[in-house]
Amino acid sequence: PQRIDFSTRMKLALLKGRCMVVSKRGKIHEPDSSGVLACLEDRSSVIQALALAQSMSKWERPVTLELYHNRSLSYFLQQQLEAYSFVTVVDTSLQDPQTMHGPSHQDTESLTSCHLSALGYSKLRNILLVRPSVIFLQDPLYLVQTMEFVHEESGNCTRVQDGPCVTSTDWDMTEQLRALKGSSQVISMLRTAYNGSISSIKSKWSSQHVASIHEVVSGVGAWAYLSSTNLLWIRNLMAMKECTFTLSREAGVTVSLPKEHFRHLFSTWIGYVEGARLMAMDKPTKWVAFDGGMNSGVLNSLKAAHESHLLGASALNIDLSTTVDGELVAIHNDEAFGPFDFGESKVSRPISSLNISVVQHLKNPCIPTEVWESLDSNRYHTLRCIQDNVSSLRDFIDGFLGVDFVFDLKAPTEDLQVKQARALLQIINERESTRGTKTPGRISVRFFSKSDDELVASILPERALESLSTDSSIKQLPYYVNVPSALACTQIASWITANTTFQNKNIAGCFVVMNHHRMEESWGRFVEENNVPVDKYLELPKDVNMICDVPRKAMDAQLLRDGFCSCVSEGYDVLHYPFSASRKADHTPLPMLDSIPDFRIDAFKTIQSHLTEAVIDDTWHKYASHWGFGSPFDWSDREDLWFKGDKPLSSSQLPSNNETAIFRCVTKLFVVILLLRLEELGKISLEDNVVANEDHNITLRGVISNKVNGQDFIYDNTLWEKIPLAVQNATGLNFLDAMQYFVLDPMGVVGSFDVNTPFPPYAARGFVGPLDDLLLLGSTLSAFGVSPKTQREVLSVASVKLLLDDSTIGSKRSFHRDTVVQSMKRYHSLGADNAESDFPHGVVDGYGLGLWRVNGWRRPHTQDPIRGWLSMGSSEALLYFDVTGLVVAMHATERVQKHELTPTFARVVHDLGSHIDQALFHAGNGGRTHHPAAAQVA
């Protein structure tokens, strides 16, 4: 082997097999002994990490990816990353400094503190050190196997003191590793090949440096670092198919970018978009600690409850059982310490048969390690069991101040649960009146039904319902009910507050148990037996909380993770969960337009200049129009301005009807979103008939795609009047309530439908609202279904894709003959009879579901136009958005003949897009890898 040059030896290493590597010393590498390591130091790097994890999930075999941060990552994003089984997220602030190996932070200032901590805490033996923005362009297993081989062959790897062997993929990090005190000879992946193993991807049309490409050896193990981390710039990759690949090892040689490389770049663009979509849903959440919280390894423990409070729990949920002498004690139920089976989970005798003097000496058992690991597979999280004696209700009330409690009444019968409620209220009153002691905070209870000798969650047990309705002794006690949906919560809360025979109207809120068959059945029976009106959607009464109860029946890690993420994406602000989900984290939104210098000033100048060009007659100065632009991921990152003619208006000069613009046909987008959402929930199908007779059947899909008679495209509004009845039949709600609950409220829209619109049918042209609603609609679709205002998922990615895809494939001839399509020539430049040069692909080139598809309204210097979408309500409401995230909207308060701003709108979109393109492509090389070879090529 010593006679074989180093590069050849590495090539031989790549042939050793894909499952594991055996070194010359005979050591077999364990699957997790090698891995990729990166630091998350800002919000952009989290998006990059999400894209990296997605790409690594497609590798032939799993390779560990460790991601390090310092208190910056929310629990929601951690769960999204660790949904990939090979990903481990480590918060360095939670690690024990005594376990750290390698140099201390005082030893060097070259690497960031995150990198130092990561290398110090990592349990990996061989580390491929990357930045999260890395893009692997070939089978990455070659890189990992080569790294393992090099480390074993050299015998003197890049080992930081007693830490792991480190291989760098970035020149800056390589130089910094060399500067570490205590590190041995540095073996950099960049130096394993011949000198100058770096190449450059450039944009063909501007010579702009796009990315740096590195290789282990010629044609093997290539990876890239993009020259910019700006999200909007990366979205422009879709329009950058014309790139060149400059080979630095052969001076002057320039070839076309290999298709395989571009495929990986494009895949990264998709990953960035999906990552940004998750980031848009990331917001602070409140945490109700299930059974007092499981962070301390025990349940219903006073010490565990104190720790959960310190970790940010907004309320503590504690189970209560009752001793034979009537004392309320914190334990899961009459027979068990916890909700799942582990060695000491069962008590020797039922609690209801024991005195308080005996129960107080019982120890809360620790959750066994194997159970803990089934719930949390992160090997950097350790179980710390803080074991103490079973506590009484009085201990909890006396031990906390200013903390809310939800006590689950777990006596073995419903009658005993009512007695528990009375006893609890008596203790509270005793503390406040006799001893003058204030209770901790708001104290509420939850009742449970008895079914098949098991306590189960139901809406309200029959005995509890009877007592709450008639028993004046507990009418002051706040209580929670269990429901299967947020809609059910609003309905039962409204029913309780409006029911004149119900004594206790002190409903504290609902625990929403989603996707639970038994709970849905219980709700159906409750509605029928108590005549609860379910045909309306009413606002949740004030001070009524809605808590998402994360599923945990099997206490499975994946079940908990999926449930938690579903609760967040559904828009719940409060979650019932075993682990600390409320933490201080970076929730900064992703500004896009704010990152472009002087964009807002130049944008308004652009709009005003085109309005000046649009002057037609002397009445032009009276025509009011409202313009705005925004981005899909930050609701604060938007701007708007009113004009009369081409003169800006101050806030005191606005028209009286400035918040009630008629959306006309833009209304259709809200209706399509409603239908797609109902189809996701299994309540409706786009193939359902809205017209069925002997002559023909017309489906919902046919109506919203304008293909009611089969394959021909015929733009039409009349059949939209059939949709409200179809929605009511599917949901049990009238159309307006269904629209409010499923679409308008989740999106954050403030406008409404005018059923008496002068432009019927109202389901096609009846929405009325401000410009903000127009911008919000475009931003939500541009963010693939996530509202930047509420940070809720309104529609799934699959449904948004269906909405945006071309429904006219196979119908292009009839599409181009359609009279409405032909009327689009009004978008051409003013005074031009034939302006095909303005729209080389036509003003519109297709139709999705409820909106038009446009191609080339924005034409950067690349050969490929940018795909966009257009929704238009005649000429009074116009909305444009495209794949790069640009959202532009305009509405006018009324229609004035000849004062049509459609051509002006198209020119504004074109110029705003050009401004963004120029700013981003000349913004510098923020994420570029620095090296003399790279500088020479660039």
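Me: How many bridges join strand 15 to strand 16, and do they run parallel or antiparallel?
Reply: This is a predicted model, and in it strand 15 (residues 404-409) and strand 16 run parallel, joined by four bridges.

Me: Ok, which residue stands opposite Ile443 there?
Reply: That's Phe405.

Me: And strand 19, how does that pair with strand 16?
Reply: Strand 19 (residues 479-483) pairs with strand 16 in the parallel sense, over two bridges. In strand 19, Tyr480 is the bridge partner of Arg446.

Me: What about the faces of strand 16, covered or open?
Reply: Both are covered. Strand 16 spans residues 443-446, with Ile443 and Val445 on one side, Ser444 and Arg446 on the other, and all of them are buried.

Me: Switching to helices. At what angle do helix 2 and helix 3 pack?
Reply: About 25°, with the axes 10 Å apart. Helix 2 covers residues 43-56 and helix 3 covers residues 75-82. That angle makes helix 2 roughly parallel to helix 3, because angles under 35 degrees count as roughly parallel.

Me: Is the crossing left-handed or right-handed?
Reply: Left-handed, as helix 2 passes helix 3.

Me: Which residues meet there?
Reply: From helix 2 you get Arg43, Val46, Ala49 and Leu50, and they meet Leu77, Gln80 and Leu81 in helix 3.

Me: How many of those are nonpolar, polar or charged?
Reply: The contact of helix 2 with helix 3 has five nonpolar residues, one polar and one charged.

Terms used: Residues are numbered from 1 along each chain as its sequence is written. This is a predicted model: local features need pLDDT of at least 70, side-chain atom pairs count only at pLDDT 80 or more; totals for chains, interfaces and linings use all residues. Side-chain values use heavy atoms; hydrogens and water are left out. Axes are lines fitted to C-alpha atoms, for helices over the stretch in contact, and angles run from 0 to 180 degrees between N-to-C directions. Angles under 35 degrees count as roughly parallel, over 145 as roughly antiparallel, 65 to 115 as roughly perpendicular and the rest as oblique. A crossing is left-handed if the near helix is turned anticlockwise from the far one by less than a right angle, and right-handed if clockwise. Contact means heavy atoms within 4.5 Å. Ala, Val, Leu, Ile, Met, Phe, Trp, Tyr, Cys and Pro count as nonpolar, Asp, Glu, Lys and Arg as charged, and the others, Gly among them, as polar. Buried means under 20% relative accessible area, exposed over 50%, partly exposed in between (1.4 Å probe, protein chains only). Two strands pair if DSSP finds at least two bridges between them.
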